[in-house]
Amino acid sequence: PSTAVLMLTTFGRPGYLRRAMEAGASGFLVKDGPASELAAAIRRISAGERVVDPQLAAAALTAGENPLTPRERDVLRAAS
């Protein structure tokens, strides 16, 4: 349906942002921001815009596909 979704989260992680946007969310904000920003985001999303926390967007762009280091991936493979 045409429902717009704004993800409001405590966990501002680039991977969460990427997955939310891939799933069709219209926006993604960290909930410790000012209430005025949340209200503005709701209005913008209602108008058909997309809203993403700018710091988190920058982090997501620089994080690449996998946020884990090669060593962390090796440890996970060994543990499995």
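Modeller: Helices (H or I, at least four residues) and strands (E, at least two) are DSSP runs, numbered from the N terminus. As for ground rules, this is a predicted model, where local features need pLDDT of at least 70 and side-chain atom pairs count only at pLDDT 80 or more, while totals for chains, interfaces and linings use all residues. Residues are numbered from 1 along each chain as its sequence is written, and side-chain values use heavy atoms, with hydrogens and water left out.

Colleague: What order do the strands of the open sheet have?

Modeller: There are three strands in the sheet, with parallel pairing. At the edges sit β1 (6-9) and β3 (51-52), each pairing on one side only. Four bridges join β1 to β2 (residues 27-30). That gives the order β1-β2-β3.

Colleague: Which residue in β2 stands opposite L8?

Modeller: Strands β1 and β2 run parallel. Opposite L8 you'll find L29.

Colleague: What angle does helix α2 make with β1?

Modeller: Take α1 (residues 14-22) to begin with: this helix packs on the sheet, touching β1, β2 and β3 (contact means heavy atoms within 4.5 Å), and its direction makes about 155° with that of β2. Axes here are lines fitted to C-alpha atoms, for helices over the stretch in contact, and angles run from 0 to 180 degrees between N-to-C directions. Helix α2 (residues 35-46) lies across β1, β2 and β3 too, and its angle to β1 is about 160°.

Colleague: Is T9 buried or exposed?

Modeller: T9 lies in strand β1 and touches F28, L29, V30 and K31, not counting residues up to four places away in sequence. The cut-offs are under 20% relative accessible area for buried, over 50% for exposed and partly exposed in between (1.4 Å probe, protein chains only). At a relative accessible area of 14%, T9 is buried.

Colleague: How far is the backbone nitrogen of F11 from a polar atom of the T9 side chain?

Modeller: The T9 side chain supplies the polar atom, and F11 supplies its backbone nitrogen. Their separation is 2.9 Å.

Colleague: What is the radius of gyration of the chain?

Modeller: The chain follows β-α-β-α-β-α-α along the sequence. The radius is taken over C-alpha atoms, and the globule rule is 2.2 Å times the number of residues to the power 0.38. For 80 residues that rule gives 12 Å, and the chain is well over it, so it is more spread out than a compact globule, with a radius of gyration of 15 Å.

Key. Pairing = 2+ DSSP bridges. Polar contact = N/O pair within 3.5 Å; in protein donor to acceptor, adjacent residues only side chain to side chain.
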